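The stops below go residue by residue.

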Amino acid sequence: MKIEKNTIVSLRYKLSDAQNNIIEEPDTVMVYLHGGYSGTFPKIESLLDGKDVGFETTAQLEPHDAFGEYDPNLLKIEPRERFPEPLEIGMQFEGVPEELSEDEILEADEEEDEDDEEIDTLIYTVTELADKQVVLDGNHPLAGMALRFWLQVEDVRQATDDEIANQHPQDEDGFGLDLADEDDLDELDRNGGEAKGSGTSPRTLH
């Protein structure tokens, strides 16, 4: 069966930087719904479209094809007193676009449709700590990097109606690489959830 829209594709992949330094080489396959559902990068989908099981290729993605250019505007310095303790480098916090004021956010909430869409959020990572300040970076860790993917198609099957409706393979998490939009954030909610990486959701910036 060939890869086409609304097929479930199982891939083995290896991710390297442009100098062939390995970034990720998982033991398990990546499974995604093919056909523009954001299960993987559009350039990879284009390369795989119409291919059969066993197809193998190496693709290089420039930053604009992957996680975008590094944006220095997403680097923030916040007062440490806004954060919960203990605070460590590598902890992550979730936030909403700072260009929206609190009143605008409330209005947006009231105007949400039946899909109950949430305001886009961005994950900030703590990169530096000082006695009174915290440095946060909202860029994806791979932003600004050219990436090289080795790909091998292991299986292709027709998606079920439920998978197409949900735009997601059943019981699968997709690529595992964060493809979220890059939006800026405002201040921390000190009463948010646990930090990302501790087994629960990141704390919230709003």
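The model is predicted, so local features need pLDDT of at least 70 and side-chain atom pairs pLDDT 80 or more, while totals for chains, interfaces and linings use all residues. Residues are numbered from 1 along each chain as its sequence is written, and side-chain values use heavy atoms, without hydrogens and water.

Asp137 is buried (under 20% relative accessible area with a 1.4 Å probe, protein chains only; exposed is over 50%, partly exposed in between). Which side chain of opposite charge is nearest to Asp137? Lys76, 11 Å away, and Asp137 has no salt bridge (a side-chain nitrogen of Lys or Arg within 4 Å of a carboxyl oxygen of Asp or Glu).

Now show the side chains of Tyr70 and Asn139. Asp137 makes side-chain polar contacts with Tyr70 at 2.8 Å and with Asn139 at 2.9 Å (N or O atoms within 3.5 Å; within protein, one able to donate a hydrogen and the other to accept it, and residues adjacent in sequence count only if both atoms are side-chain atoms).

Next, go to Pro86, in the loop between strands S5 (75-79) and S6 (92-95). The peptide bond joining Glu85 and Pro86 is cis, with omega about 0°. Most peptide bonds are trans, and most residues other than glycine have a negative phi.

Finish with Asn6, in the segment before strand S1 (7-17). Its phi is positive, near 70°, and Asn6 is buried at 17% relative accessibility.

How values were computed:
Lys and Arg count as positive and Asp and Glu as negative; His and the chain ends are not counted. Helices (H or I, at least four residues) and strands (E, at least two) are DSSP runs, numbered from the N terminus.
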